[in-house]
Amino acid sequence: MPQASNFLLRRLAPASLARVAPHLSLVDLVAAEVLAEPHQRIERVYFPHSGIISCIVELSDGAAIETGMVGDDGVLGASQALDDKVSLNLVTVQIAGRASVMPSEKLRLLAAELPDFKALLIRYEQFFLAQVQQTAACNAVHDIDARTCKWLSRMHDLAGPDLLLTQELFARMMGVRRTSVTTVAGALQAAGLISYSRGRLHIIDIEQIRKRACECDDAVRSHFRRMFEELETATHKVRCA
Ligand SMILES: [Zn+2]
């Protein structure tokens, strides 16, 4: 069952999943596909099973930087659907994969009927906001070597050790020049931590990558753990009351 590979769908109570699943359909996430333009309504909500979706802020001078990633740990577009809001960022597929999708209108109706579904969606959006805030601080303060390792660690968490990634995309996500990416990737390759050839990046030593990452790597992971542990405790209390 494809739902089993998305963290949020997997955590739904069986009765709620039985209500939600008939409205999900499976789609391919195609690399570089644009899922939403800034200020555009998101018509479909995405629950990825694999691959990575990126939220990107573009500036008027052509520069861009990634502010958040969604993979099989989350959902894209739920808060906009619940609140009938538009996308604030450009949203693209960074790493190809598959996702279950649901029309935004249907998600809004189901969330109104299923409190556990709504609670999961809101909890993920709180985590996503925490991730964006951490990324803002990281981009302002931490150096490119540590940021790159943090970014690779998060990519590894979501998509595993083999990543199809051009240097252009790498630079765009990090908000740096391509020459900086060449230097950083070259140093990681020389240290035996990654191999990188013709747009294929393979993470050889994730433990060393994590040691070189800034504190934001652990901070984002612990935000995620804490938020869903709290939700679990709250749900357990309601069930036992
Ligand atoms: Zn950082």
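What radius of gyration would a compact globule with 241 residues have, and what does the chain have? The globule figure is near 18 Å and the chain has 18 Å, which agrees; the radius is taken over C-alpha atoms, and the globule rule is 2.2 Å times the number of residues to the power 0.38. Keep in mind that this is a predicted model: local features need pLDDT of at least 70 and side-chain atom pairs count only at pLDDT 80 or more, while totals for chains, interfaces and linings use all residues. Residues are numbered from 1 along each chain as its sequence is written.

**Overall picture**

- The C-alpha trace of the chain spans about 55 × 35 × 35 Å along its principal axes.
- You'll find 10 helices and 10 strands in the chain; these are DSSP runs numbered from the N terminus, with helices being H or I of at least four residues and strands being E of at least two.
- Of the 241 residues, 36% count as buried, where buried takes 20 or more other C-beta atoms within 10 Å of a residue's own, exposed takes 12 or fewer, partly exposed is in between, and C-beta atoms are placed from the backbone.
- Among contacts in the chain with a separation of 6 or more, 76% come from residues 24 or more positions apart; a contact here is two residues whose C-beta atoms, placed from the backbone, lie within 7 Å.

- The chain splits into domain 1 (2-140 + 215-240) and domain 2 (143-212), with bounds that come from an automatic or database domain assignment.
- Their C-alpha centres lie 24 Å apart.
- On the domain 1 side, 19 residues are in contact with 14 residues of domain 2.
- Elements giving two or more residues to that side of domain 1 are strand 4 (52-58), strand 5 (64-70), strand 6 (90-95), helix 5 (115-141) and helix 10 (216-240).
- Strand 5 gives the most to this side, with four residues.
- Sorted by class, the side of domain 1 that touches domain 2 has 10 nonpolar, five polar and four charged residues; nonpolar covers Ala, Val, Leu, Ile, Met, Phe, Trp, Tyr, Cys and Pro, charged covers Asp, Glu, Lys and Arg, and the others, Gly among them, count as polar.

**Gln94**

- Gln94 sits in strand 6.
- Is Gln94 buried or exposed? Gln94 is buried, because 28 other C-beta atoms lie within 10 Å.
- Leaving aside neighbours within four places in sequence, Gln94 is in contact with Ile52, Ile53, Ser54, Leu169 and Met173.
- Gln94 and Leu152 are 58 residues apart in sequence, and C-alpha to C-alpha they are 13 Å apart in space.

- Four strands make an open sheet in the order 2-6-4-5, with antiparallel pairing; strands pair if DSSP finds at least two bridges between them.
- Strand 2 (34-36) and strand 5 are the edge strands, and each pairs on one side only.
- Neighbouring strands in this sheet are turned by 35° against each other on average, direction ignored; axes are lines fitted to C-alpha atoms, for helices over the stretch in contact, and angles run from 0 to 180 degrees between N-to-C directions.
- Strand 4 and strand 5 run antiparallel and are joined by six bridges, and Cys55 has Gly68 in strand 5 as its bridge partner.

- Five bridges tie strand 3 to strand 7 (residues 97-103), and Phe47 stands opposite Ser100 in strand 7.

**Strands 8, 9 and 10**

- Strand 8 (residues 162-164) pairs with strand 10 (residues 200-203) in the antiparallel sense over three bridges, and Asp162 has His202 as its bridge partner in strand 10.
- Strand 9 (residues 194-197) also pairs with strand 10 in the antiparallel sense, over four bridges, with Ile194 partnered by Ile203 of strand 10.
- Two residues separate the strands in the hairpin of strand 9 and strand 10, where Arg198 takes a positive phi near 45°.
- In a regular strand, side chains alternate between the two faces of the sheet.
- Strand 10 has a covered face of Leu201 and Ile203 and an uncovered one of Arg200 and His202.
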